Amino acid sequence: MTADLTWIDLRSDTVTCPTPAMREAMACAPVGDDVYGEDPTVNALQARLADELGFEAALFVPSGTQSNLLALLAHCERGDEYIVGMDAHTYKYEGGGAAVLGSIQPQPILHATDGTLPLSDIDGAIKPDDAHFARTRLVCLENTWHGRVMPLDYLAQARALCDRRGLALHLDGARLYNAVVACNVPPREITQHFDSVSVCLSKGLGAPVGSVLLGSQALISKARRWRKVCGGGMRQAGILAAGAMHALDHHVARLADDHARAARLADALQAAGISVRSQQTNMVFIEVPTDRLPALKACMDEARVRVSIGYTPAVRLVTHLDVDDDALDRVIHAFSNFAAAA
Ligand SMILES: *Cc1c(COP(=O)(O)O)cnc(C)c1O
């Protein structure tokens, strides 16, 4: 009965496929050799984001992981350290790249429940100028973090702290535009506080590949060098940049639909008796007792719904471009069946 149903994939917003219009834009993109800096579509994308987010320069890279890595390599030298959240992507989910490739030490600290790093904890983690210690250079924040949006006044306070203590401030803004849409502010309201920002085009924005790192001319020149060293120098990358450009033109405002659907999903799950730990922007985290996870998996397989089980302590459900209202109804129905079987 369910065999003919298409799969609904709520594991991540990375699973989106390019729309026909995006593929068309990609097929028609003017291109050149980007390692020579001669790809007009890459250059247009970089100039556009630099302007929109308020930076001197930008760099198109294959992934968010590489973008964060290049930022760390550009801000820090061997023997430096960066302060970062214990559950931040940059620290936990990027293979320790800054340590592996840059001899840059992380100083992880606990997140507050809203995803911020408490300012007094950041302050307390900064090491004195002493030969015993790594040199603290940089603070790295993530917005959104687990779907949560950082308060704008917190960002201003973090900036003030970094200025006072002589540190740089980097934003892993993989989902910056989810925060922008949720706060209903121009992107610069968020990005103005940072020395560098990394934005993913391949998450909720729906492009197949690519991230952009933004910063000063000097920082981006260093990052460009490191990009080549890391094997991230691409040639006719305008094909990819065109998908990213299309995403910025057509898929930003619609993130509000993903947020509304995540809210509807959270309400429906709660009503079905499932414990919702949090819902903000396009992510819903639910608590399912460990002994019921196999039943959840079976129930979701039966309904052709993919969810992330066992990756984080809670089960994560992510709405995106390829989840419409009908799909959401099917998901809610599947969870209601699961809850009723308890
Ligand atoms: C996905 C993600 C990244 C890394 O992006 P990739 O393109 O998967 O390497 C970095 N930070 C956060 C918060 C992410 O969600």
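Where is Arg175 found? Arg175 sits in the loop between strand S6 (168-173) and helix H8 (176-183). The model is predicted: local features need pLDDT of at least 70, side-chain atom pairs count only at pLDDT 80 or more, and totals for chains, interfaces and linings use all residues. Residues are numbered from 1 along each chain as its sequence is written, and side-chain values use heavy atoms, with hydrogens and water left out.

**View 1. Arg175 and its surroundings.** Arg175 is buried, with a relative accessible area of 11%; buried means under 20% (1.4 Å probe, protein chains only). Its side chain makes a polar contact of 2.8 Å with that of Asp13. Such a contact is a pair of N or O atoms within 3.5 Å; within protein, one must be able to donate a hydrogen and the other to accept it, and residues adjacent in sequence count only if both atoms are side-chain atoms.

**View 2. The ligand site.** Residues surrounding the ligand (a heavy atom within 4 Å) include Ser63, His89, Glu142, Arg175 and Cys200. A backbone N or O atom of Gly64 lies 2.8 Å from a ligand oxygen atom. A polar side-chain atom of Thr65 lies 2.6 Å from an oxygen atom of the ligand. For an N or O atom in the side chain of Lys203, the distance to a ligand oxygen atom is 2.7 Å.

**View 3. Tyr177 in the largest nonpolar core.** A nonpolar core joins buried Ala, Val, Leu, Ile, Met, Phe, Trp, Tyr and Cys residues through side-chain atoms within 4.5 Å. Tyr177 is among the members of this 54-residue core that touch the most others.

Technical notes. Buried means under 20% relative accessible area, exposed over 50%, partly exposed in between (1.4 Å probe, protein chains only). Helices (H or I, at least four residues) and strands (E, at least two) are DSSP runs, numbered from the N terminus.
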